[in-house]
Amino acid sequence: MAKNAQDIGRALQRARKSRGFTQAAIASQLGVSRSTVAQIETGRRLFKADDLRRLSAFYDCSPSELLAPTTPGQQEVDGVSEMFRTYPALAEDQGPGSFAGVCAMARALTELEAKLEVAAIAHPLPEYRTEHATTPWQAALQGYRVAEDERRRLALGEVPIRFVDELMMTLGVRCAKATLPKGIMSISIAQPDHGLLVVVDKALSLEHRRFRYAHGLAHFLFGGEGPWRACSSGVAPDLAEVRADAFASSFLMPQHGLRRYVETLGKETLGRGAPTILAVFSEGDGRDKTGESRRVDGRQRKGRNPLTLSDVLRVAHYYGTSPSVAAHRLRNLRVLTDRELDQIEAVLQSGIHSPVNKELALPPALHEMDSLCSRLAALAASALHRGTIDATRFNDLANFAGVGVADRERLLAITAENPQL
């Protein structure tokens, strides 16, 4: 019986992971706690027949199919297939800019990188091991802390990130945009043949796409629970989503750099996050334990004026985020009060700021690169030079990457190992 319970648990875990669901999501469907689902998957708790029928209906499959054994390696092969089954609209569109087309490019890039032995040289993406978060507060703190650690690891300092997608490509994470079904903002895939891939909805604004790229990076840094994950709007976020959102806001808007930028706008930041009256303590001459406390009154300090909508728009433009992300980040750092945030949010929702924000909007050519296409094209040219692919395959990949026929000779010329400049 123990072995049977373990087999059932493993089958249920495979089914959940292959469909991109978390234990919390399944617990919500069954009306039990997440720990109960964890016990079922480890074989320490029996799975009831009624629960099997409910879960089969939720997955849209038969109970026998749900518990069917799998052969080694089948999970990796079937992971993305399950995603297409869950969202049939993803597989229906095969044209340019489609999700299926992006996946095909990712597979082609993985093949090229293997031929050129890129993986033998590149540094792998780290995975942060953190304790299991049980509250949104814990999840948010984990996101903020790991974002700071990643910026230090990558020597990014406190400055804005100009090309988020290109930076992630250097980390081994492919970024692309495609037409996604309504309600899905981004999809993260971790599959051997796809690599680490984040696809965002091309209908989102540039600022929103940058945020979703960083959001997807967080899922890989913390370790995914399955081969793919779809992030949807209008759905109550689980703790992994809370953590990824916190990571993205902190990764794009580092707190110390953000405070310094606000001060360049003539707005003081220290007093906004502290009492109006400060007590500065001095240890004295150090010969005894007595000291002196000096009262510092900040009520008439310079820069005490509240931040305006213009300030928030400038911060958002500087860091390449939406005004709402910037406003909430400022609130979390106590540079904005709750009342000021509510006022700014009301104006943002009214659309009054739109003409001004349009003037400050990020020009796509300067803040976003089609990194997946450019890398595929460059590696295809290198592979042709080295003889690992033939001219026919190169032309197929160039078509895939959107490189016109007239540009291919120039591409081959500049990617030659000894170019004649």
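## Basis

Helices (H or I, at least four residues) and strands (E, at least two) are DSSP runs, numbered from the N terminus. This is a predicted model: local features need pLDDT of at least 70, side-chain atom pairs count only at pLDDT 80 or more, and totals for chains, interfaces and linings use all residues. Residues are numbered from 1 along each chain as its sequence is written, and side-chain values use heavy atoms, with hydrogens and water left out.

## Overall make-up

The chain holds 21 helices and 6 strands. It has 421 residues, and 43% of them count as buried. Buried means under 20% relative accessible area, exposed over 50%, and partly exposed in between (1.4 Å probe, protein chains only).

Contact means heavy atoms within 4.5 Å. Of the contacts in the chain with a separation of 6 or more, 69% come from residues 24 or more positions apart. The chain exposes about 22,300 Å², and carbon and sulfur atoms supply 54% of that area. Accessible areas come from the Shrake-Rupley method with a 1.4 Å probe; for residues, only the protein chains shown count as cover.

Four strands form an open sheet in the order 1-3-2-4, with mixed pairing. Strand 1 (173-178) and strand 4 (228-232) stand at the edges; each has a single partner strand, so one side of each lacks a neighbour in the sheet. Neighbouring strands are turned by 15° against each other on average, direction ignored. Two strands pair if DSSP finds at least two bridges between them.

Strand 1 and strand 3 (residues 195-201) run parallel, paired over 6 bridges. A178 has D201 in strand 3 as its bridge partner.

## Helices across the sheet

Helix 8 (residues 99-115) lies across strand 1, strand 2 (184-191) and strand 3, at about 155° to strand 1. Helix 11 (residues 206-221) lies across strands 1, 2, 3 and 4, at about 150° to strand 3. Axes are lines fitted to C-alpha atoms, for helices over the stretch in contact, and angles run from 0 to 180 degrees between N-to-C directions.

## A nonpolar patch

L270, L278, V280 and V296 form a nonpolar surface patch, with about 310 Å² of accessible area together. Patches are made of residues with over 30% relative accessible area and no salt bridge; like charges are joined within 9 Å, nonpolar side chains (Val, Leu, Ile, Met, Phe, Trp, Tyr) within 5 Å. L278 is found in strand 5 (residues 277-282). L278 counts as partly exposed, at 30% relative accessibility.

## Salt bridges

The whole structure has 12 salt bridges. A salt bridge is a side-chain nitrogen of Lys or Arg within 4 Å of a carboxyl oxygen of Asp or Glu. One joins R375 and E113 (3.0 Å, N to O). R375 lies in helix 19 (residues 371-386) and E113 in helix 8, so the pair ties together parts 262 residues apart in sequence. R375 is partly exposed at 25% relative accessibility, and E113 is buried at 16%.

R229 forms a salt bridge with D238 (2.7 Å, N to O). R229 is buried, with a relative accessible area of 13%; D238 is partly exposed, at 22%. E241 also forms a salt bridge with R229, the closest N and O atoms being 2.9 Å apart. E241 lies in helix 12 (residues 239-252) and R229 in strand 4, so the pair ties together parts 12 residues apart in sequence. E241 is buried, with a relative accessible area of 11%. Elsewhere, salt bridges that share partners join E113, R174 and R375 into one network.
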